[in-house]
Amino acid sequence: MKKLLIYLGIVVLLFGGLYFINQQSVKSSDKANAGNPYGVAASKLNPETVKQLTDPNYQNLILPKDLDARLKNKETFFQYYYASTCPHCKVTTPVLVPMEKELGIDVKQFNLEEFKDGWKNYKIDSTPTIVYYKNGVEVDRIVGGVPEAGAGGNTPEKFKEFFQRNMNNK
């Protein structure tokens with residue numbers, strides 16, 4: 001009888017230990033997902049997207065359902081389409097974010113790496129792309145990023161002109 005109680009006690013302790021370890025794992029998983037706007041575990045995101053979760057230049061994200069709602073509600077806004085794996089986006093985003101703040105505009109960021117249907121749904125051929133929607137309809141876009149080493153492409157001045165031209169077109 002004593003042996004049975006000892007074995008029963010060991011089994012109870014093992015199950016208790018497994019429960020405790022599982023709870024700790026769930027808590028650390030919740031911490032890893034804190035501030036994750038994608039609504040999925042970080043382990044399901046592209047590693048480049050995970051790197052951007054704490055990058056201050058990638059904090060103004062929009063999800064497909066929210067973007068679709070803005071279009072359906074016929075809102076007027078700028079939309080930035082990028083891919084977390086795009087080298088041109090990685091150079092361009094740090095130029096655009098301060099410019100947007102300076103101009104006082106709110107440009108949401110849509111990550112095409114995580115939402116691949118966006119390529120087709122929003123008619124995006126390459127990244128980065130900024131689209132200006134007026135009353136839910138596209139009226140202007142600028143395609144391409146700020147080049148590394150300043151060769152060709154869009155300059156910060158071109159982006160600023162794009163924003164200002166369309167801000168005056170509201």
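Contact here means heavy atoms within 4.5 Å. Keep that cut-off in mind for the first stop. The model on screen is predicted.

**Stop 1: Glu-114**

Select Glu-114. You are in the loop between strand 2 (108-111) and helix 5 (117-121). Now show the neighbours. Leaving aside residues up to four places away in sequence, Glu-114 touches Tyr-38, Lys-44, Leu-45, Asn-46 and Thr-49. Zoom in on Asn-46. Its backbone nitrogen is reached by the side chain of Glu-114 at 3.0 Å.

Which side chain of opposite charge is nearest to Glu-114? Select Lys-116: that is the one, 7.3 Å away. A salt bridge needs a side-chain nitrogen of Lys or Arg within 4 Å of a carboxyl oxygen. Glu-114 is buried and has no salt bridge.

**Stop 2: the aromatic cluster**

Stay with Tyr-38, one of the residues that Glu-114 touches. Together with Tyr-38 they form one aromatic cluster. Across the whole structure, a search finds 12 aromatic pairs. To describe any pair of aromatic rings, take the distance of the centres and the angle of the planes.

**Stop 3: Phe-77**

Select Phe-77 and Arg-70. The charged end of Arg-70 sits over the Phe-77 ring, 4.1 Å from the ring centre. Lys-134 and Phe-77 are 57 residues apart along the chain, yet their C-alpha atoms are separated by 6.6 Å. Lys-134 is partly exposed, with a relative accessible area of 25%.

**Stop 4**

Most residues other than glycine have a negative phi.

Select Lys-74. It lies in the loop between helix 3 (64-72) and strand 1 (77-82). Is Lys-74 buried or exposed? Exposed: the relative accessible area of Lys-74 is 57%.

Now jump to Lys-123. The loop between helix 5 and strand 3 holds Lys-123. Lys-123 is exposed, with a relative accessible area of 61%.

**Stop 5: the cis peptide bond**

Stay in the loop between helix 5 and strand 3 (129-134), where Pro-128 is found. Select Thr-127 with Pro-128. What kind of peptide bond joins Thr-127 and Pro-128? A cis one, with omega at about -5 degrees. Most peptide bonds are trans.

Note on methods. Residues are numbered from 1 along each chain as its sequence is written. This is a predicted model: local features need pLDDT of at least 70, side-chain atom pairs count only at pLDDT 80 or more; totals for chains, interfaces and linings use all residues. Side-chain values use heavy atoms; hydrogens and water are left out. Rings of Phe, Tyr and Trp (its six-membered ring) pair if their centres lie within 6.5 Å; planes under 30 degrees apart count as stacked, over 60 as edge-to-face and the rest as tilted. A charge sits over a ring if NZ of Lys or CZ of Arg is within 6 Å of the ring centre and within 35 degrees of the ring normal. Helices (H or I, at least four residues) and strands (E, at least two) are DSSP runs, numbered from the N terminus. Buried means under 20% relative accessible area, exposed over 50%, partly exposed in between (1.4 Å probe, protein chains only). Lys and Arg count as positive and Asp and Glu as negative; His and the chain ends are not counted. A polar contact is a pair of N or O atoms within 3.5 Å; within protein, one must be able to donate a hydrogen and the other to accept it, and residues adjacent in sequence count only if both atoms are side-chain atoms.
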